[in-house]
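Load the model in your viewer and keep the sequence panel open next to it. We'll take a walk from one spot to the next, sorting out the terms as we go.

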Amino acid sequence: MNYSEFMRYKTLQLRNTIRTLFLSGIFFVSCRPVADKPVHFDSINQLLVAGEFKRVETMCDSLKAHRQLTTAQVRQLDSLVETGRRIRLDFRLSESEMKSRLQKYFPDLDSATVQKWERAGTLEMRRIDGEKRYFGNAVPNLFRLDDNARLYKEKVDGLQVDSLDLFCLQHTSKVISETKNSGNPVLPVRMKLSYTVKAKPNVVPDGKVVRCWLPFPREGHARQKNIRLISSEPENAVIADNSNLQRSVYLERKAEKDKPTVFRIDFEVETAAQYFDLKPEQVKPYNTESELYKEFTAERLPHVVFSPEIRKLAGRILAGETNPLLKVRKLYNWINDSIRWASALEYCTFTQIPHYVLANRHGDCGMQTLLFMSLARSQGIPAKWQSGWMLHPRHVNLHDWCEVYYEGIGWVPVDQSFGRQNSTDEKVRNFYQTGIDAYRLIVNDDYGRPFSPAKNYLRSEPYDFQRGELEWEGGNLYFDKWNWDMEASYK
């Protein structure tokens, strides 16, 4: 993608992000009178695209102070300012900070090399208020995305062996050997999980109530059962009904001056691995009139969209293939070979994630999953979102994956970002195309679903739900206002 294409893409992305925030009605404002004159949002949008965030804030503040505006117009102005603030938090590194982090590997780093990486998109940068600003994870991503840069790193640090890869190779091999009946859960793991969120001192005035939603496991899955809330801090936790596709525990407590506001839940869950040893001839033709088929082959806005680009790419990858299992294999393998894993910007700053992934040829687990789902659904393969946590020993983290439905078999897990494993055994190598390991916590069976009880303000993460959400009467508390921690112990 050349520079002019890149700028067109960024312009469209920001405009769509602003439109999404505005149309969601997620900024709380009081009633306002009818506007006296039209507000020219295009000129403010252009400033935002150009990275002139301070000027955007000044213009928006001036309009709200000196003009009669409608509620919708105030919301749109607030959306512009909030979009800039969140992007600024993602691009938190100055040029000198970025170079300092690269000094160990490139002691004689020159401007031409930096500019080459920037143009290629392997060193993610934006000009904000006239200054170059770099994504907080730009440096580790550079080594993931640029093969030559990675060689420089390996010369200094040596070749690094990924302990998670080794663990999964051993574990999935055992899952396959233990699976006597395809799809039956095996190798159950009993876990105690302690999840804590701490709102920073004084982000909420003393005595004001903080509302908190924490992730909680969903029931009804063959590989996740025996779920029990042990305790909560504060007490009187409200567990959302399992009908909520993004399931939470709701807590409230008052903030105290100069102290963090702490929320904690301790719970138990038993998880298991699942592997389907499938062959193409086992998969029956879909009942295209069923409600399940119609729902899970439909577009799911804003991220599962059958754009001409998605349809064309899917058609090229499949090249006339008709068998559902072979379709999934081809899509999975193309993403594995073409889209590298890299740390991602916050999802709340995106409108259409798969198109970003295709434009930049990288993305994290959720981004790769949304691309897979878009391609699959566009070609008549039912797929649904699933996410929560990966809980492998010493590798506890947020994680996203999905499931594919095969007629006559049912829902089968697919973990796109775990990719093909380094094994000569074909079943082990392709395990994550039709299987999943035992160390997963399922919190979500869709994205962008409402909470119970309802949240009043803009979510920090409008789509996924893993870290939690906080708010008070004055508005949402974004991720920079609180910290989270998950502790796992295995029985």
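Start at K327, which sits in helix 12 (residues 324–338). Helices here are DSSP runs of H or I with at least four residues, strands are runs of E with at least two, and both are numbered from the N terminus. Before going further, some ground rules: this is a predicted model, where local features need pLDDT of at least 70 and side-chain atom pairs count only at pLDDT 80 or more, while totals for chains, interfaces and linings use all residues. Residues are numbered from 1 along each chain as its sequence is written, and side-chain values use heavy atoms, with hydrogens and water left out.

Back to the lysine. K327 is buried yet has no salt bridge, and the nearest side chain of opposite charge, E321, is 7.8 Å away. Buried means under 20% relative accessible area, exposed means over 50%, and partly exposed is in between, using a 1.4 Å probe and protein chains only. For charge, Lys and Arg count as positive and Asp and Glu as negative, with His and the chain ends not counted. A salt bridge needs a side-chain nitrogen of Lys or Arg within 4 Å of a carboxyl oxygen of Asp or Glu. So what does K327 touch, leaving aside its neighbours within four places in sequence? The contacts (heavy atoms within 4.5 Å) are L318, E321, T322, Q379 and I381.

A319, in the loop between helix 11 and helix 12, has a phi near 50°, a positive value in a residue other than glycine. At 61% relative accessibility, A319 counts as exposed. L187 also has a positive phi near 50°, but L187 is found in strand 4 (residues 186–199). These are worth a click because most residues other than glycine have a negative phi, and most peptide bonds are trans.

On the peptide-bond side, the link from E233 to P234 is cis, with omega near 0°. P234 lies in the loop between strand 6 and strand 7. That loop, between strand 6 (224–233) and strand 7 (238–239), also holds N236, which is exposed at a relative accessible area of 72%. Another cis bond runs from L301 to P302, with omega near 5°, and P302 is in the loop between helix 10 (291–296) and helix 11 (308–318).

Next, a helix pair. Two packed helices are described by the angle between their axes and the distance between the axes. Helix 2 (residues 41–49) and helix 4 (residues 71–90) pack at about 10°, with their axes 10 Å apart. That makes helix 2 roughly parallel to helix 4. Here the axes are lines fitted to C-alpha atoms, for helices over the stretch in contact, and angles run from 0 to 180 degrees between N-to-C directions. Angles under 35 degrees count as roughly parallel, over 145 as roughly antiparallel, 65 to 115 as roughly perpendicular, and the rest as oblique.

Which residues do the touching? From helix 2 come F41, I44, N45 and L48, and from helix 4 come Q73, Q76, L77, L80, T83 and G84. The residues of this contact divide into five nonpolar, five polar and no charged. In that scheme Ala, Val, Leu, Ile, Met, Phe, Trp, Tyr, Cys and Pro are nonpolar, Asp, Glu, Lys and Arg are charged, and the others, Gly among them, are polar. The buried residues in helix 2 are F41, I44, N45, L47, L48 and V49. Just after helix 2, G51 takes a positive phi of about 85°.

Finally, the charges that do pair up: the whole structure has 35 salt bridges. One of them joins R150 to D147, with the closest N and O atoms 2.7 Å apart. Both lie in helix 8 (residues 147–157), three residues apart, about one turn of the helix. D446 and R449 meet at 2.9 Å, N to O; D446 is buried at 11%, whereas R449 is partly exposed at 29%. D480 bridges to K481 at 3.1 Å, and these two join E82, R85 and R86 in a network of salt bridges.
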